[in-house]
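Q: I have a chain open in the viewer. Please show me how to read its features.

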Amino acid sequence: MAESAAELAENTTLVVDQPASQPSNPNVTHRTPEELVAKAIAPVKREFLSPPPSRTNQNDTDVSDANAKASQSSVVAKEKKSKRQLKRERRQKSALHLCPEVAKTEDVSSCAYGDKCRFSHDIEALKAEKPADLEGKCPFSTGDGPCPYGLACRFYGTHEDGVKGNSTNVLGKNSEINGLNKDVQKLLWKNKMKFPKADAKLKSLGLMGPGNSKFKRQDDGEVDQKSANDSHVTNENGCGDVASNLADKLECSLEVPTEENANGIITTDDIRPLKRVKSITEEKQCSGEEANGFSILEKDLENSCPGAKLEITSDGALTETDGSLKTHPREKKLIDFRGKLYLAPLTTVGNLPFRRVCKVLGADITCGEMAMCTNLLQGQASEWALLRRHSSEDLFGVQVCGAYPDTVARTVELIDQECMVDFIDINMGCPIDIVVNRGAGSSLLTKPMRMKSVINAASGTVDKPITVKVRTGYFEGKNRIDSLIEDIGNWGANAVTIHGRSRQQRYSKLADWDYIYQCARKAPESLQVLGNGDIFSYTDWNKRKSDCPELSSCMIARGALIKPWIFTEIKGQRHWDISSGERLDILKDYVRFGLEHWGSDTKGVETTRHFLLEWLSYTCRYIPVGLLDILPQQINWRPPSYYGRDDLETLMASDSAADWIRISEILLGKVPDGFTFAPKHKSNAYDRAENG
């Protein structure tokens with residue numbers, strides 16, 4: 001990064017023009033636009049360039065940096081508190097932490113906990129300490145119901161007089177789904193959640209031994225010698241064999257005649273698919289009874305196919321006396337990605353409000369942020385929030401990341417049971433160290449047998465399409481997806497997205513699209529291949545699609561962060577010279593969507609502001625169309641020394657505390673309290689924000 005900054009500074013000196021009113025400097029060399037593009041420098045027109053600001057004395061700068069660092073350190077030392085003290089302070093009742101029920105209804109008696117409530121019930125104290133309202137209208141004012149935050153809303157002055165919130169807001173209730181049920185969360189906390197489908201599939205694949213089985217052995221007599229020698233364990237009624245054989249008999253057949261609907265979901269209308277088999281958890285989790293897996297499966301099959309009769313043989317296998325089960329197996333709903341605009345799952349910045357913005361601007365398929373399987377199985381509310389879906393997302397998937405087949409299989413079964421999603425994507429390309437060190441993400445690229453087990457287990461557990469996200473390989477120069485692409489289709493994946501970089505490259509250098517084309521041509525017809533990397537304009541999209549017709553589509557990641565209207569450009573086949581007012585309207589929409597999602601109280605406003613600043617660190621890279629000598633702008637172009645905007649990329653490459661204070665002033669409007677200069681941490685945060 002430091003070398004890039006130094007090279008940029010050197011090249012910048014050659015780019016900067018003198019203003020027209022000043023005599024030209026004969027020592028400055030002007031490069032042609034083609035030469036600038038070859039150096040990965042944006043060819044901004046000369047009339048929009050201005051000379052760099054005058055540099056102060058280096059000694060004075062060093063002294064000021066030292067003084068600033070010392071003063072900031074003293075402030076941090078004075079305000080530093082232990083975690084236990086901070087937790088104790090959070091538990092203390094504060095006037096600003098008003099009970100949500102009291103704030104919504106403005107009635108102290110509405111709280112069911114009374115004096116035992118951990119929140120304050122003092123309405124007058126809140127009004128005295130609450131900061132002034134923000135400008136603008138409450139984002140919930142257009143809904144059918146009152147604002148769910150009541151007195152705590154930072155736009156309380158715009159609420160209608162006399163309207164009290166006696167119920168949850170209708171707009172927020174109907175527009176977002178995939179919330180975590182409290183009863184399910186308690187079962188996950190206590191590790192009492194059962195996963196019959198996943199366990200049955202794991203047993204059939206030989207990936208789960210007796211110690212890991214979720215079914216408790218309740219054998220009163222001796223176990224039959226034949227079943228004891230088998231590769232998997234059954235319960236007293238042969239539940240393991242029944243479930244695994246049932247999964248095999250009901251596997252999807254790709255040879256069934258299909259028809260595509262308007263949303264790109266491939267379905268069949270020749271026959272009515274079998275009713276989804278209810279899990280044991282759905283039947284018995286409320287009563288706490290131990291359920292018989294076979295009786296539930298048998299009952300559901302009898303309800304869906306009255307003409308079919310099930311029998312149990314002496315070895316516990318499930319057989320059917322009606323040939324209709326063989327003729328009409330249960331089929332999956334497949335998604336056709338061909339020609340559709342796919343917004344990539346983006347960690348941290350690909351949140352629900354951002355996806356709503358992209359949907360308005362033309363995105364067809366959206367996917368939630370990467371969620372860790374272990375965190376989902378532990379019932380972490382913060383991780384489950386990544387699965388939330390807005391009603392405008394008509395084709396929506398979630399992305400999960402796990403290292404082992406059992407955790408991935410149980411996670412996809414849990415998501416299938418509790419959430420409404422169209423497909424589930426398994427991340428096998430995340431380059432972040434904390435993920436790779438746990439054996440997940442890009443680490444799976446070095447373990448093809450583990451990849452096979454994960455995909456087999458996931459695809460055999462649920463009926464929803466399973467897609468995979470990979471990179472070209474783990475080490476640079478050692479690509480290996482071309483040798484696995486045919487196997488990935490045979491393992492059960494319906495689509496694979498190939499990011500044209502290795503794990504070692506992270507996001508440096510350009511994506512290797514020639515290698516993506518090579519993999520797409522080797523893929524079987526049943527496996528859809530999507531490319532990913534450096535799509536920044538409609539011409540990039542057209543080139544990738546025309547160069548390789550075998551590609552189903554292209555996933556758009558950082559291009560959407562820098563200019564989310566790229567979807568509009570692709571559909572309109574034009575370069576949109578978007579005005580500053582139109583860009584501001586997009587940011588206003590994001591803020592409104594953020595307040596609806598995170599809330600209009602103080603915490604919601606701060607969360608919206610935080611993620612808005614995260615996104616703005618990408619939008620600052622956009623260069624307006626009218627400023628460029630050569631179109632379109634490429635994603636790897638470094639901005640020259642034109643000072644119509646602040647060059648955050650150059651500042652972030654600096655090791656100077658003054659530059660980082662300048663970044664805080666740009667993004668936050670001020671230097672935050674307790675600011676400390678720690679450049680060794682900035683690369684980790686930067687990589688985390690850029691993870692796709």
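Q: Is D487 buried, partly exposed or exposed, and why?
A: Buried means under 20% relative accessible area, exposed means over 50%, and partly exposed lies in between, with a 1.4 Å probe and protein chains only. D487 has 31% relative accessibility, so D487 counts as partly exposed. D487 is found in helix α21. The C-alpha atoms of D487 and L527 are 10.0 Å apart, and the two residues are 40 residues apart along the chain.

Q: What should I know about the model and numbering?
A: This is a predicted model: local features need pLDDT of at least 70, side-chain atom pairs count only at pLDDT 80 or more, and totals for chains, interfaces and linings use all residues. Residues are numbered from 1 along each chain as its sequence is written, and side-chain values use heavy atoms, with hydrogens and water left out.

Q: How do α21 and α22 cross?
A: Helices (H or I, at least four residues) and strands (E, at least two) are DSSP runs, numbered from the N terminus. Axes are lines fitted to C-alpha atoms, for helices over the stretch in contact, and angles run from 0 to 180 degrees between N-to-C directions. The axes of α21 (residues 481-491) and α22 (residues 513-522) come within 9 Å and cross at roughly 30 degrees.

Q: Which residues meet between α21 and α22?
A: Contact means heavy atoms within 4.5 Å. I481, D482 and I485 in α21 meet Y515, Q518, C519 and K522 in α22.

Q: What is the strand order of the open sheet?
A: Strands of a sheet pair through backbone hydrogen bonds, either parallel or antiparallel. Two strands count as paired if DSSP finds at least two bridges between them. Here eight strands pair in parallel, in the order β7-β15-β14-β13-β12-β11-β10-β8. β7 (342-343) and β8 (366-372) are the edge strands, each with a single partner, so one side of each has no neighbour in the sheet.

Q: Which helix packs on the sheet?
A: Helix α15 (residues 352-360) does, touching β7, β8 and β10 (396-401). The direction of α15 makes about 160 degrees with that of β8.

Q: How many bridges join β8 to β10?
A: Five, and the strands run parallel. A371 has V400 in β10 as its bridge partner. Seven of the seven residues of β8 are buried.

Q: How many bridges link β14 and β15?
A: Three, in the parallel sense, between β14 (residues 528-532) and β15 (residues 553-556). L530 has S553 in β15 as its bridge partner.
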